[in-house]
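Reader: I've just opened this one and I'd like to understand how it is put together. Can you walk me through it?

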Amino acid sequence: MGALIQMQGISKSYGPVHALEEVDLTVGEREIIGLLGDNGAGKSTLIKILSGAIPTSSGTIAIRGERVSINSTSDAISQGIETIYQDSALVPELSIARNLFLGREPLKGPAFLGWMDQGAMSEVARSLLKEVGIEKDIPPTTPIGSLSGGERQSVAIARAMYFDSELIILDEPTNNLGVAETQGVLRFVRNARDSGHSCIFIAHNIHHVFQVVDRIVVLRHGRVVADDIDPEQTSVEEVERIITGMEG
Amino acid sequence: MPSFVKRLISKPEFGPFVLLLAMVFIFWELNPAFLSLRNISNTLAFTVELGLIALAMTLLMTSGEFDLSVGSLFGFSPVLMWTLYNTGIASIEISFAIALATALGIGLISGLFVTRLKIPSFLVTLGMLLVVRGTALYVTNGFPQRTWNAKDLPLAQLLVGDFTVAGLRLHMSLLWFIAAAVLLSILLTRTKTGNWIQASGGNANAARARGVDVNRTKIKLFMLSAAMAGFAGVISSIRTAAANPNSGTGYELEVIAMVVIGGTALTGGRGTIIGTVFGIFILRLMRNGIVLIGVPGLAYNIFIGTIILAMMALHSWLDRRHQEGG
């Protein structure tokens, strides 16, 4: 499996506090990795650097071996890196279709008018909703605010899949979701891999991580302490011990 | 209940529309002069001037900001224009262009303060209100600028010239208002810019994460709002033959009330130009109607306050129903 993303020697300091120290992280093509660690381990900082939300203090990022600079979320999106946060980064007042295409609205007519092709947006939204497994017949004009938590996550994942993001980062996507909704999100993650995407999956619930990932990476105190844990060969308890540092 | 009726009721414009219809009917019942040609003509003339500001404010509030300096710009822009013209510094057209460009600049400064320095728009535009109003008063010594020879100028005809349709005397400003309402409604509902405006107010972080330039979007809306206030002020100065530096005092709150009554969320994210048009007419017809039916004009604020509270309660109830899938 070739490497899609290679982060090397990533460090991040906030004044005297070292949030990350010399972190290396590799994500393969069509690979789902689980990024685990206790609170303050540096997971979110690492992900924010990769998604362009914050700059790194030192280190390099390469995509398919080519060094890239990611200085903003727009940079990350244009490099094919999409992040789905706990709150899905959606606009509650906008419709499903408008959220899906926010920032990349398809236009019709002269470009300077900025006239959205709402017919095309609705059509794509309708088929995407089916693709990600939303069984209910929800019109694409429905505001995101009236969807359930799981449905919102599904829309966010659908957006990442539609725009052919090569790497989808899911930051606590199953937080505050019910059992059925969580299973839906996990199913979408597997679908994403099957359709050629790579994922970084962050969740506090290790059991959720074990259900979908190919490999587990553990961070502790801003450093990588394990990066090749096979969830099929390792127990949840062992991983918990690595996370807490109480290895027996 | 049939689904199309449910959909209709859930629209933010529905409540203001029903209220407007009820008001027209009640005032007309109590005093038939309410719908006389003369009364309609007089009411429309002033209504659309405030309405122009409310239309631009709708977009700004949808983006999550508001502008308290619009009332002072309503007074300042015509003062600047007529001072330039009356002192022979510039032709009327150039004076008009300078007045609008100055308003745009003031909007730009407000926008930069809000977006770059992260100061709430309430504080920035409150400060700007005082600066602009103070400047208008200082340069005029508090006296109105003469505009009584303006009516024959081609620019004045273009902005406020009157014409008669089926016995109803109307001003050109009505056409400007209709054009602005149509264009801004299309902008908000059909274009990429409209999508960005709503996203900026609904969840600015999510919008930024999608590559939306939230700051630039808001700055442009501050500029539009300021320019529209200046434009409305110039129209008003020609119609009333006076450019008074005190004009527009208190208009900012009346305009914001028109916008929220129409269904635009004060917190941003949701806005409706059609609703604002209803809001504009509700407030102006209320002012006109209560005088016609003999209620003391001083009681006007009681009615307006009650309408605002009632409409907020209605919008909040509709929102909750919508969230619950009702």
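Reader: What percentage of the residues of chain A count as buried?

Author: Keep in mind that this is a predicted model. A residue counts as buried here if 20 or more other C-beta atoms lie within 10 Å of its own. Out of the 248 residues of chain A, the share that passes is 45%.

Reader: What radius of gyration does chain A have, and what would a compact globule have?

Author: The C-alpha trace spans about 60 × 40 × 35 Å along its principal axes. For 248 residues, a compact globule would come out near 18 Å, and chain A agrees with that, having a radius of gyration of 19 Å.

Reader: How many helices and strands does chain A have, and what share of its contacts joins residues 24 or more positions apart?

Author: The count for chain A is 8 helices and 10 strands. Now take the contacts with a separation of 6 or more: the share from residues 24 or more positions apart is 68%.

Reader: Why is strand β8 of chain A said to be largely enclosed?

Author: Let's check its two faces. On one side sit A:Ser198, A:Ile200 and A:Ile202, on the other A:Cys199 and A:Phe201, and every one of these is buried. That strand covers residues 198-202, so it is largely enclosed by the rest of the structure because the buried count is 5 of the 5 residues.

Reader: Which residue of β9(A) is the bridge partner of A:Ile33?

Author: β3(A) also pairs with strand β9 (residues 215-220), in the parallel sense and over 4 bridges. In β9(A), the partner of A:Ile33 is A:Arg215.

Reader: Which residue takes a positive phi in the hairpin of β9(A) and β10(A)?

Author: Strand β10 (residues 223-229) pairs with β9(A) in the antiparallel sense, over 4 bridges. Across this pair, A:Val218 stands opposite A:Ala226. The hairpin has 2 residues between the strands, and the one with a positive phi, near 50°, is A:His221.

Definitions and conventions: Residues are numbered from 1 along each chain as its sequence is written. Chains are lettered from A and ligands numbered from 1 in the order in which they are written. This is a predicted model: local features need pLDDT of at least 70, side-chain atom pairs count only at pLDDT 80 or more; totals for chains, interfaces and linings use all residues. A residue is buried if 20 or more other C-beta atoms lie within 10 Å of its own, exposed if 12 or fewer, and partly exposed in between; C-beta atoms are placed from the backbone. The radius of gyration is taken over C-alpha atoms; the globule rule is 2.2 Å times the number of residues to the power 0.38. Two residues are in contact if their C-beta atoms, placed from the backbone, lie within 7 Å. Two strands pair if DSSP finds at least two bridges between them.
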